[in-house]
Amino acid sequence: MAGSRRDVDRKEKAPPAAAPQQQQPGREEEREWVPWIVPVIVTANVALFAVAMYANNCPAHARGGRGGRRCVGAGFLRRFAFQPLSQNPLLGPSSATLQKLGALVWDKVVHEHQGWRLVTCIWLHAGVVHLLANMLSLVLVGLRLEQQFGFVRVGVIYLVSGVGGSVMSSLFIRDNISVGASGALFGLLGAMLSELFTNWTIYTNKAAALVTLLFVIAVNLAIGILPHVDNFAHIGGFLTGFLLGFVLLMRPHYGWAQRYVLPSSVKDVGRKFLAYQWALLAVASVLVVVGLAVGMAMLFRGVNGNEHCQWCHYLSCVPTARWSCGK
């Protein structure tokens, strides 16, 4: 997944002709943040992948063949060598290593009460290919969002969306482990979409921005129907981020109408949020809290989502003549 919404210019009503150069009231309150949380997240993911490879130690644990010859890159990577391509074509550790370090495993979450795996799994990656794809997407999407809205809001959306993706994945996938930041990344994409909606009136080029963003989202969701891709995590993360965007990424609209009735000496008419923004914030707040609470309750009770939705498995994998989806 990779892609980010192009910057769109904010639409501003022209000031009275008598004062064409007057600064827009309240604009000085806006700022562009220096991004640091996204680089920290990228660094943490790379560091944890290195830890996973160190713990994996393929040459010492490889079975068959002569010592570590089956491991990819054993000659120069030594302890950090990758698992054989037949076991992990993404150039990474074994499934057993990922499970030890906190991969999402339904049985362990439900029966062994290891709910912490809902969080730890989003910091692990199955291989170099998986890691590079996700981190490139995070840089392209996350840096711009953090510059606009700051580290707190972007960090909250990233983490909560990751958990939302983990919850939905666990409700529908029981036989495979799941790792990766894809759910959190889809949360950022969902937040970008809701941010466009909730701040609709301050943007120009609305149609172009909306079509571009919807295209990026659709392509990435379409990739999720391929086998061995956890599209439920993508969908869960996207929905969580979409709702959080209404809550956390609301922008003020400035009270231009008041300028025509206030004395000319009053230059700052203040920040103003519109009624539809508050309505979206209220509805989204309720939905995200209820959705996460109900999802976690269902998960820890051992509910199988496939029993309540017979067709939902097609959201994650569509069988064709070229591949099967397995269980």
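**Figure 1. Contacts across the chain.** Among contacts between residues at least 6 apart in sequence, 77% join residues at least 24 apart, a contact being heavy atoms within 4.5 Å. The model is predicted: local features need pLDDT of at least 70, side-chain atom pairs count only at pLDDT 80 or more, and totals for chains, interfaces and linings use all residues. Residues are numbered from 1 along each chain as its sequence is written, and side-chain values use heavy atoms, with hydrogens and water left out. The chain has 13 helices and two strands; these are DSSP runs numbered from the N terminus, helices being H or I of at least four residues and strands E of at least two. Of the 327 residues, 44% count as buried. Buried means under 20% relative accessible area, exposed over 50%, and partly exposed in between, with a 1.4 Å probe and protein chains only.

**Figure 2. Helices α11 and α12.** Two packed helices are described by the angle between their axes and the distance between the axes. Helix α11 (residues 231-248) packs on helix α12 (residues 275-300) at about 140°, and the axes are 8 Å apart. Axes are lines fitted to C-alpha atoms, for helices over the stretch in contact, and angles run from 0 to 180 degrees between N-to-C directions. The angle makes α11 oblique to α12; angles under 35 degrees count as roughly parallel, over 145 as roughly antiparallel, 65 to 115 as roughly perpendicular and the rest as oblique. On the α11 side the contact is made by Thr240, Leu243, Leu244, Phe246 and Val247, and on the α12 side by Leu280, Leu281, Ala284, Ser285, Leu287 and Val288. By class, this contact of α11 with α12 has nine nonpolar, two polar and no charged residues. Here Ala, Val, Leu, Ile, Met, Phe, Trp, Tyr, Cys and Pro count as nonpolar, Asp, Glu, Lys and Arg as charged, and the others, Gly among them, as polar.

**Figure 3. Thr240 in helix α11.** Thr240 lies in α11 and counts as buried, at 8% relative accessibility. Leaving aside neighbours within four places in sequence, Thr240 is in contact with Val160, Ser161, Gly164 and Val288.

**Figure 4. Helices α10 and α11.** The axes of α10 (residues 206-223) and α11 come within 9 Å and cross at roughly 150°. The two helices α10 and α11 are therefore roughly antiparallel to each other. Ile217, Asn220 and Leu221 of α10 meet Asn231, His234, Ile235 and Phe238 of α11. This contact of α10 with α11 has four nonpolar, three polar and no charged residues.

**Figure 5. The salt bridges.** Two salt bridges are found in a search of the whole structure, each a side-chain nitrogen of Lys or Arg within 4 Å of a carboxyl oxygen of Asp or Glu. Arg251 pairs with Glu195, the closest N and O atoms being 3.5 Å apart. This pair links distant parts of the chain, 56 residues apart: Arg251 is in the loop between α11 and β1 (253-254), and Glu195 is in helix α9 (residues 182-198). Arg251 is buried at 9% relative accessibility, and Glu195 is buried at 0%. Glu112 forms a salt bridge with Lys108, with the closest N and O atoms 3.9 Å apart. Glu112 counts as partly exposed, at 39% relative accessibility.

**Figure 6. Leu299 in helix α12.** Leu299 is placed in α12 and is buried, at 0% relative accessibility. Leu299 and Val110 are 189 residues apart in sequence, yet 6.9 Å apart in space, C-alpha to C-alpha. Leaving aside neighbours within four places in sequence, Leu299 is in contact with Trp106, Val109, Val110, Leu118, Ser170 and Leu171.
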